[in-house]
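Dear colleague,

I am passing the structure below to you, and after it I set out what I found when going through it. Please read the notes with the coordinates open beside you.

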Amino acid sequence: MSLLRFIHAADLHLDSPFKGLKTVAPHNVANALYNATFDAFDNIIDLCISERVDALLIAGDVYDGADRSLRAQQKFIAGLERLDKAGIRSFVCHGNHDPLDGWEARLEYPPGCRRFGKDFEAEPVFEEDPARAVVHGISYQQREVTDNLVLKLGKVDHTPFSIGLLHANVGGDPNHPQYSPCTLDDLRYAGNRGIDYWALGHVHTRRVLNQHEPTVAYPGNPQGRHANEPGERGVYLVTVDHSRRVELDFRAVDTVRWARLNVDVSTAKTEQDLQNLLDQRVEKAWEEADERGVVARIALTGRAADGVRHSLRRTGYLEDLQEGVNDNWASDKPFVWCERIEDETAPPFDRNERLKGSDFVADVLRVRDESRTDEELLGRLRSDLQDLYAHWQFKKHLGGAEPAGDELADLLDEAESMAVDLLLGDDR
Ligand SMILES: [Mn+2]
């Protein structure tokens with residue numbers, strides 16, 4: 001049996017508006033988006049109950065705006081009530097999107113829910129055994145908290161397993177506002193090393209900043225809200241054993257997934273080829289989403305054949321391609337809805353023509369050609385590759401022995417093409 005099991009969630013952003021999309025998406029997609037943040041929250045509650053955890057921790061930004069909608073508040077409380085009836089406690093702090101001074105309807109929270117105020121307070125997880133685990137939480141009084149809230153934490157009793165619940169920007173992540181800024185060391189030494197687990201919120205992409213003593217983690221938001229929040233989204237299921245070892249298990253709970261799909265069209269000789277490649281990629285995304293709806297932004301990449309590239313430039317061509325994808329996939333259940341197709345293809349490249357030149361690109365091509373026969377050059381290359389493949393940091397990613405024969409030739413071709421792409425960029 002474990003000492004403690006809980007779900008660490010953050011940044012629910014209930015009732016996110018999905019700006020602009022609801023009006024252009026087909027009805028079934030708009031509807032899924034409309035419910036997405038709520039459905040993800042329901043999945044969290046279901047997960048808590050099916051995993052029989054002791055508590056749910058929510059590290060701020062429960063709502064999307066300080067003027068939280070009534071619907072969002074009702075749904076939030078309904079979820080917490082379901083937990084309460086299942087005998088699971090909930091602990092909530094508020095962040096910059098849902099500060100304490102924002103409007104709120106006077107609704108009743110279930111008795112098992114503890115919401116934290118503007119100063120750190122400690123609340124035992126188990127009423128009958130208060131020395132087992134304690135949550136220390138703090139909320140934002142107003143939207144812009146520029147003080148380091150961690151410094152407000154007093155000395156923490158180390159007897160119980162102690163969790164800090166906080167919405168904060170650790171280490172100055174430039175993609176998020178610098179609210180309650182602090183360093184990893186602040187967290188490490190907070191309460192004079194009394195905290196065993198920092199349950200953080202604010203950064204929407206999940207990451208573990210410190211594995212143990214203390215564990216410091218952002219679970220990310222449980223539901224992506226736009227193309228810049230792609231991929232699976234969820235919560236951490238946290239198990240603490242009696243020697244206080246922490247185990248994190250990420251669980252996806254999102255109901256609509258954002259995907260950025262790259263389709264390399266360099267092998268497409270005709271428009272039909274391109275369409276086939278597009279369809280294959282969309283099908284793969286559909287499979288990968290594991291029964292969820294997908295909102296896809298597709299980028300066509302690679303060096304397109306002249307004719308294909310020309311077609312892509314025709315007025316309305318990309319929009320028609322997009323509509324074709326949506327005709328096939330958007331009304332499926334689950335759906336893939338393509339929100340946009342972008343042409344990022346590079347102009348075709350005539351290798352023989354380029355070889356005749358005297359510029360650096362021509363040099364790169366010549367070196368590649370020499371590497372087919374020049375034993376001395378190949379020897380140098382092999383010894384460099386050996387160093388790389390034997391390096392302790394790369395070994396685990398590269399696996400196995402260094403490439404030889406055809407494999408090496410493929411690698412060199414790929415290197416040439418990458419080098420050329422980088423040197424030429426997009427000539428447009
Ligand atoms: Mn947030």
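Helices (H or I, at least four residues) and strands (E, at least two) are taken as DSSP runs and numbered from the N terminus. In these terms D61 sits in the loop between β2 (55–59) and α3. Please keep in mind throughout that this is a predicted model.

With a relative accessible area of 1%, D61 counts as buried, because buried means under 20%.

The metal site comes next. The manganese ion is coordinated by D61 through OD, together with D11 (OD), H13 (NE2) and H204 (NE2), at 2.1 to 2.3 Å. Along the sequence, these donor residues follow the spacing D-x1-H-x47-D-x142-H. H13 belongs to the loop between β1 (4–9) and α1 (21–24), while H204 belongs to the loop between β8 (197–201) and β9 (207–210), so this pair ties together parts that are 191 residues apart in sequence. H13 is buried, at 0% relative accessibility, and H204 is buried as well, with a relative accessible area of 7%. H13 also has a positive phi, of about 45 degrees, although it is not a glycine.

Turning to helix packing, helix α2 (residues 27–50) and helix α3 (residues 70–85) pack at an angle of about 10 degrees, with their axes 9 Å apart. Since angles under 35 degrees count as roughly parallel, that makes α2 roughly parallel to α3. The crossing in which α2 passes α3 is right-handed. On the α2 side the contact is made by Y34, N35, F38, F41, D42, I45, D46, C48 and I49, and on the α3 side by R71, A72, K75, F76, G79, L80, R82 and L83. Sorted by class, this contact of α2 with α3 has 10 nonpolar, 2 polar and 5 charged residues.

One runs from E213 to P214, with omega near -5 degrees, and P214 is located in the loop between β9 and β10 (215–218). Another runs from K333 to P334, where omega is likewise near -5 degrees, and P334 is placed in the loop between α7 (317–329) and β15 (336–343).

Definitions and conventions. Residues numbered from 1 in each chain as written. Predicted model: local features only at pLDDT ≥ 70, side-chain atom pairs only at ≥ 80, totals over all residues. Heavy atoms only, no water. Axes fitted to C-alpha atoms, helices over the stretch in contact; angles between N-to-C directions. Parallel < 35°, antiparallel > 145°, perpendicular 65-115°, else oblique. Left-handed = near helix turned anticlockwise from the far one by under 90°. Contact = heavy atoms within 4.5 Å. Nonpolar A, V, L, I, M, F, W, Y, C, P; charged D, E, K, R; others polar. Donors = N, O, S within 2.8 Å, 3.2 Å for Na, K, Ca; no water. Buried < 20%, exposed > 50% of the residue type's maximum accessible area, 1.4 Å probe, protein only.
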